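Let's walk through this structure together, one part at a time. Please keep the sequence and the 3D view side by side as you read.

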Amino acid sequence: MNPTRRRRLIWVIALVAAAAIAAVLVATALQRNIAYLYTPGEVLDGRAGAQVAGGQTRFRLGGMVAKGSFQRAEGSLESSFRVTDGDAEMAVRYTGILPDLFREDQAVVATGRMQGDTFVAEEILAKHDETYMPKEVADKMGKAHQKHDVQTPAGDAND
């Protein structure tokens, strides 16, 4: 092989190796920042995976804040409530300022990890108006409504 071809081959191999390293670094960074959305039923019956239930993985929990479940510790920012999807309820604990639109019987998406049987939230998102619900939560809640033969209000959130 002549010296010109050898140099070109070395450059091509170096470029391919650099591209492979860059792709691995990007994939690793993205995987660390992904937070999957699960409902309480999926977490409690194991469909979300063992890593989620064991508290190793950060994920989003979506559903409705159960009526009568909200409690706030006196003189503190620590609050607790239960999130339901119609099939199951899960206890959630959060320390911080809740969104203004957070209330019982409204859609919520919480990001955090499991700690025993309780979901410890790092961030809470509440729906922003009367007709909005995150599409992922609306789809999963719709399936729960069909399963339990619950009537949904007119002007569904999926419209």
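Start with Lys-67 and Asp-105, which form a salt bridge with their closest N and O atoms 3.9 Å apart; a salt bridge here is a side-chain nitrogen of Lys or Arg within 4 Å of a carboxyl oxygen of Asp or Glu. Lys-67 sits in the loop between S2 and strand S3 (71-72), and Asp-105 in the loop between strand S5 (89-95) and strand S6 (107-115), so this pair ties together parts that are 38 residues apart in sequence. Helices (H or I, at least four residues) and strands (E, at least two) are DSSP runs, numbered from the N terminus. Lys-67 is exposed, with a relative accessible area of 65%, whereas Asp-105 is partly exposed at 38%. Buried means under 20% relative accessible area, exposed over 50%, and partly exposed in between, using a 1.4 Å probe and protein chains only.

Before going further, note that this is a predicted model, in which local features need pLDDT of at least 70 and side-chain atom pairs count only at pLDDT 80 or more, while totals for chains, interfaces and linings use all residues. Residues are numbered from 1 along each chain as its sequence is written, and side-chain values use heavy atoms, with hydrogens and water left out.

How many salt bridges does the structure hold? There are four. One of them joins Glu-122 to Arg-58, with the closest N and O atoms 2.9 Å apart. This pair links distant parts of the chain, 64 residues apart: Glu-122 belongs to strand S7 (residues 118-126), and Arg-58 to the loop between helix H3 (50-53) and strand S2 (59-65). Glu-122 is partly exposed at 43% relative accessibility, and Arg-58 is partly exposed at 29%. Glu-89 and Arg-82 also meet through their side chains in a salt bridge (3.0 Å, N to O). Glu-89 has a relative accessible area of 36%, and Arg-82 has 32%. Salt bridges with shared partners also join Arg-58, Arg-113 and Glu-122 into one network.

Now look at the strands. Two strands pair if DSSP finds at least two bridges between them. Strand S4 (residues 78-84) and S5 pair in the antiparallel sense over seven bridges, and Glu-78 stands opposite Thr-95 in S5. Four residues lie between the strands of this S4 and S5 hairpin, where Gly-86 takes a positive phi near 100°. S5 also pairs with S7, in the parallel sense over four bridges, and here Tyr-94 stands opposite Ala-121 in S7.

Next, find Thr-39 in the loop between strand S1 (37-38) and helix H2 (40-44). Is Thr-39 buried or exposed? At 6% relative accessibility, Thr-39 counts as buried. Leaving aside residues up to four places away in sequence, Thr-39 touches Leu-61, Gly-62, Asp-85 and Lys-140, where contact means heavy atoms within 4.5 Å.

Finally, a word on confidence. The mean pLDDT of the protein is 82, and 81% of its residues reach 70 or more; pLDDT is the predictor's confidence in each residue, from 0 to 100. Over residues 154-159, pLDDT stays under 50, and the model has five contacts beyond four places in sequence for this stretch.
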